[in-house]
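Here are some short notes for a colleague who has not seen this structure before.

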Amino acid sequence: MTRTPVTVTVTGAAGQIGYALLFRIASGQLLGADVPVKLRLLEIPQGLKAAEGTAMELDDCAFPLLQGIDISDDPNVGFDGANVALLVGARPRTKGMERGDLLEANGGIFKPQGKAINDHAADDIKVLVVGNPANTNALIAQAAAPDVPAERFTAMTRLDHNRALSQLSKKTGVPVGEIKKLTIWGNHSATQYPDVFHAEVAGKNAAEVVNDEQWLADTFIPTVAKRGAAIIEARGASSAASAANAAIDHVHTWVNGTDADNWTSAGVVSDGSYGVPEGLISSFPVTAANGKFEIVQGLDVNEFSRTRIDASVKELEEEREAVRGLGLI
Ligand SMILES: NC(=O)C1=CN([C@@H]2O[C@H](COP(=O)(O)OP(=O)(O)OC[C@H]3O[C@@H](n4cnc5c(N)ncnc54)[C@H](O)[C@@H]3O)[C@@H](O)[C@H]2O)C=CC1
Ligand SMILES: O=C([O-])CC(=O)C(=O)O
């Protein structure tokens, strides 16, 4: 094997998403079947022993592409030379915690990690934030990394995108592979807006195929937006394998590109498109080519969509104000 290995750092490596993610990265599903990888597992001190156990299991898989595993609790070490960083580890909301407390606790994680990425990652670093609140955690990390181009910081809404594909497939009876151009707008939260108005189902406009605005408003949108809570209710734990799968999809698309007749959804830094204030990390319809995401331009936004996009963007602005007030950005 002659290719230079790609260094992939995973934070929260001992958590449940980490456990579902690492084996897929090491097997080649993140970057490609011919791309060797080095893994860096970043954990807090209490998570190091479990991360060592996961590393032992990774060894035991004898993955031909895996060229090394390092474990650390120091972000300066964990991000050293990283080409791809998956920021999964976060402070979960616990009983009695207000949203502001959650943002503050996560600021204590994502600000130093952003700085460590700024100071130590490779020049081509690509960052995906999975840990919640993902969009605003990504904003905090990005603000702490002034030497890294802002567009290298992204937040994960691909799980929402995949959930929307699946729900639309069930409704229309068309396989997910024949559904294109769905969009998740806004925040990875209950305010997100899954938009089918530009989507195509087996080549036909999805909104016309569904032809049922009430189903969109009362069933489809809340089912997708509240799916995370429904999984917690059913499983007794939050989405893990599906979240890891979406992280793989997000980075794979970022690196390898989208098909010419399709797009996907990702939380990316706004350039002001569609009235989303500049600098917010919001979900948009995006294409990818040459290792870059581009926001799809020129889509008509109808009244139904406008009010819902605006509501989610307002929440993102409030989160930005809150972290600004806390001195985190
Ligand atoms: N954007 C999305 O679509 C989704 C986001 N999530 C979020 O992903 C995050 C992780 O979820 P799980 O793996 O289920 O949680 P988990 O609690 O099983 O694992 C989190 C891991 O992160 C570690 N960690 C905490 N602080 C850290 C730090 N400063 N540096 C390195 N590691 C640290 C913990 O020790 C723990 O091992 C949560 O915030 C969850 O809400 C989950 C599903 C979907
Ligand atoms: O709600 C959570 O903690 C997990 C999550 O983000 C999701 O499943 O979408």
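How far is an oxygen atom of ligand 2 from an N or O atom in the side chain of Arg 163?

1. The separation is 2.8 Å, between an oxygen atom of ligand 2 and a side-chain N or O atom of Arg 163. This value, like the others here, is computed from a predicted model.

2. Two further side chains place a polar atom beside an oxygen atom of ligand 2: that of Asn 132 at 2.8 Å, and that of Ser 239 at 2.9 Å. On its own, ligand 2 has 270 Å² of accessible area, and the protein covers 72% of this.

3. Asn 132, Arg 163 and Ser 239 belong to a shell around ligand 2 that also includes His 188, Gly 228, Ile 232 and Ser 238. By class, this shell has five polar residues, one charged and one nonpolar.

4. Where does ligand 2 sit? Its site is the largest pocket, which holds about 1,500 Å³ of space. The pocket is lined by 49 residues, and those closest to its centre are Ala 90, Pro 92, Gly 131, Asn 132 and Ser 238.

5. Several helices give two or more residues to this lining, among them helix 1 (16-26), helix 6 (158-172), helix 9 (227-235) and helix 11 (303-325). Helix 4 gives the most, with six residues.

6. The lining of the largest pocket divides into 20 nonpolar, 19 polar and ten charged residues. For the shell around ligand 2, the corresponding counts are one, five and one.

How values were computed:
Residues numbered from 1 in each chain as written. Chains lettered and ligands numbered in written order. Predicted model: local features only at pLDDT ≥ 70, side-chain atom pairs only at ≥ 80, totals over all residues. Heavy atoms only, no water. Near = heavy atom within 4 Å. Polar contact = N/O pair within 3.5 Å; in protein donor to acceptor, adjacent residues only side chain to side chain. Areas by Shrake-Rupley, 256 points an atom, 1.4 Å probe, with all protein chains shown as cover. 1 Å grid on protein atoms, 1.4 Å probe; cavity = no way out; pocket = protein on both sides within 12 Å on 5 of 7 lines; lining within 4 Å. Sits in = over half its atoms within 2 Å of the grid points. Nonpolar A, V, L, I, M, F, W, Y, C, P; charged D, E, K, R; others polar. Points joined across faces, edges and corners; volume = space filled by probe spheres on them. Helix = DSSP H or I, 4+ residues; strand = E, 2+ residues; numbered from the N terminus.
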